Amino acid sequence: MSPRAGKAGHHAGPRTLDTLAFVESPVQLLNVLEWAHAHAPGAGLTLVVLSPVDPMTRGQLRRMAELARREGHEVRWEEARGGALAPFQTVGGLTGPLRRARRIVMGDPFSRYVQLLLTITRARDLVVVDDGTATMEFVTQLARGERLVRWHRKGTRPGPRDLAFAPVSSSARRRLTPAEDRRVEIFSSMPIEEAPGGVTVRANDFSWTRSRFGPPRITKGADMVGTSLVETGVVDGDRYLAAVRSLAHTHGALRYFAHRRESAEKLHRLAVETGLEVVRPDLPLELIARRGPIGRTILSFPSTVVHTLPLALAGTEVRVAVCDIDPAWLTSTASPRAQGFLKGVTGTARDVHRLSAVRAV
């Protein structure tokens with residue numbers, strides 16, 4: 001880790017960098033490792049962790065950073081949100097590597113941090129790896145020339161910060177558009193149906209995950225995967241808990257793998273009211289499931305895992321089942337885009353069993 005994180009580490013020297021990657025979540029880091037395994041085997045890259053403040057996310061990122069080091073990659077940990085001066089220190093410290101890098105790999109093109117860094121780089125090759133289902137929305141917006149807005153905020157009025165940052169966001173969108181001297185690639189396990197002209201799309205089949213973990217021991221029961229739809233203001237909390245309780249009872253689920261953004265208060269209530277064992281994973285669920293033990297059935301609401309788990313668990317007997325979101329569960333402040341987007345997440349998933357929305361009363 002870099003000295004800024006409190007531990008000694010290696011920083012990029014004055015040489016030209018081949019690949020510089022930016023991640024802000026454990027899933028993004030996992031997908032950078034998948035991209036490197038599939039398309040740059042044996043070539044080390046410099047991986048910059050723009051660390052968030054959430055303790056669970058930080059813990060998973062530290063575990064993933066160790067896996068990256070074992071693969072021969074250099075990891076630079078940046079306390080990017082560690083105070084008022086942190087963004088200036090982070091951007092200032094990364095300016096040199098950004099200008100020397102030939103290729104930039106990023107996990108979240110919606111991130112204001114990443115968008116700002118894109119205005120500095122001179123790299124001719126840009127690669128976007130999955131940050132979950134948000135990749136589907138990013139591709140659609142890029143193809144249509146729309147401003148980059150996260151799906152759960154689509155249709156809402158831009159705030160003062162959005163308006164102030166608009167020139168940077170517009171510049172980043174232009175940088176992510178292929179040109180004569182710039183190549184853009186999307187590395188994804190999501191269904192890409194409307195790729196912009198000139199963008200190269202490569203499939204992520206989780207071959208690194210399958211080669212490093214498992215096969216898992218499979219238990220007889222069912223496991224459930226949590227979602228942060230309540231925390232993002234899309235789904236009503238009471239309706240969500242009632243749906244979880246109904247699904248757990250119907251399918252005999254015993255464990256609930258919490259999403260890293262789920263609140264402690266909600267999870268405590270969920271454990272008390274449903275009897276489920278709440279598990280806080282220390283790695284992305286794709287690795288947890290592949291490592292095992294894992295239930296023969298994995299229950300999920302519309303989320304990234306309905307696309308990724310069938311790939312990570314290919315060749316096993318595990319069945320992934322997805323439950324639709326009833327429109328009645330949506331909050332009054334949910335984006336008008338929410339219901340259509342969630343239906344698209346479910347409808348485009350491959351190799352999953354579809355479950356009708358349960359009664360959440």
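How many bridges pair β9 with strand β10 (residues 277-279), and in which sense do the two strands run? Please keep in mind that the model is predicted.

## Strand β9 and its neighbours

The pairing of β9 with β10 is parallel and spans three bridges. Within this pair, Arg 255 stands opposite Glu 277 in β10. To get from β9 to β10, the chain passes through helix α9 (residues 264-274), and this β-α-β crossover is right-handed.

On the other flank, β9 pairs with strand β8 (residues 218-225), again in the parallel sense, over four bridges. If you want a spot to look at here, Val 225 stands opposite Phe 257 in β9.

## The whole sheet

Zooming out, these strands belong to an open sheet of six, in the order β10-β9-β8-β11-β12-β13, with parallel pairing. Strands β10 and β13 (353-355) stand at the edges with a single partner strand each, so one side of each has no neighbour in the sheet. From one strand to the next, the twist averages 30 degrees.

Further along that order, β8 and strand β11 (residues 294-300) pair in the parallel sense over five bridges. Here Ala 222 has Thr 297 in β11 as its bridge partner.

## A covered helix on the sheet

Helix α11 packs on this sheet, where it touches β8, β11 and β12 (319-323). The direction of α11 makes about 175 degrees with that of β12.

How much of α11 (residues 305-312) is buried? Seven of its eight residues are, so to speak, under cover. The buried set consists of Val 305, Val 306, His 307, Thr 308, Leu 309, Pro 310 and Ala 312.

## Salt bridges

A search of the whole structure turns up 19 salt bridges. One of them joins the side chains of Glu 185 and Arg 202, with 3.4 Å from N to O. Glu 185 lies in strand β6 (residues 183-188) and Arg 202 in strand β7 (residues 200-203), so the pair ties together parts that are 17 residues apart in sequence. Glu 185 is buried at 12% relative accessible area, whereas Arg 202 is partly exposed at 35%.

Two other pairs involve helix α9. Glu 231 forms a salt bridge with Lys 266, and their closest N and O atoms are 3.1 Å apart. Because Glu 231 lies in the loop between β8 and α8 while Lys 266 is in helix α9, this contact ties together parts 35 residues apart in sequence. Lys 266 is buried, with a relative accessible area of 8%, and Glu 231 is partly exposed at 30%. Arg 269 and Asp 238 also meet through their side chains, at 2.9 Å from N to O. With Arg 269 in helix α9 and Asp 238 in helix α8, the pair ties together parts that are 31 residues apart in sequence. Both partners are partly exposed, Arg 269 at 34% and Asp 238 at 48%. Through shared partners, salt bridges join Asp 238, Arg 245, Arg 269 and Glu 273 into one network.

Definitions and conventions:
Residues numbered from 1 in each chain as written. Predicted model: local features only at pLDDT ≥ 70, side-chain atom pairs only at ≥ 80, totals over all residues. Heavy atoms only, no water. Pairing = 2+ DSSP bridges. Right-handed = clockwise from strand over helix to strand, strands pointing away. Buried < 20%, exposed > 50% of the residue type's maximum accessible area, 1.4 Å probe, protein only. Axes fitted to C-alpha atoms, helices over the stretch in contact; angles between N-to-C directions. Contact = heavy atoms within 4.5 Å. Salt bridge = Lys/Arg side-chain N within 4 Å of Asp/Glu carboxyl O.
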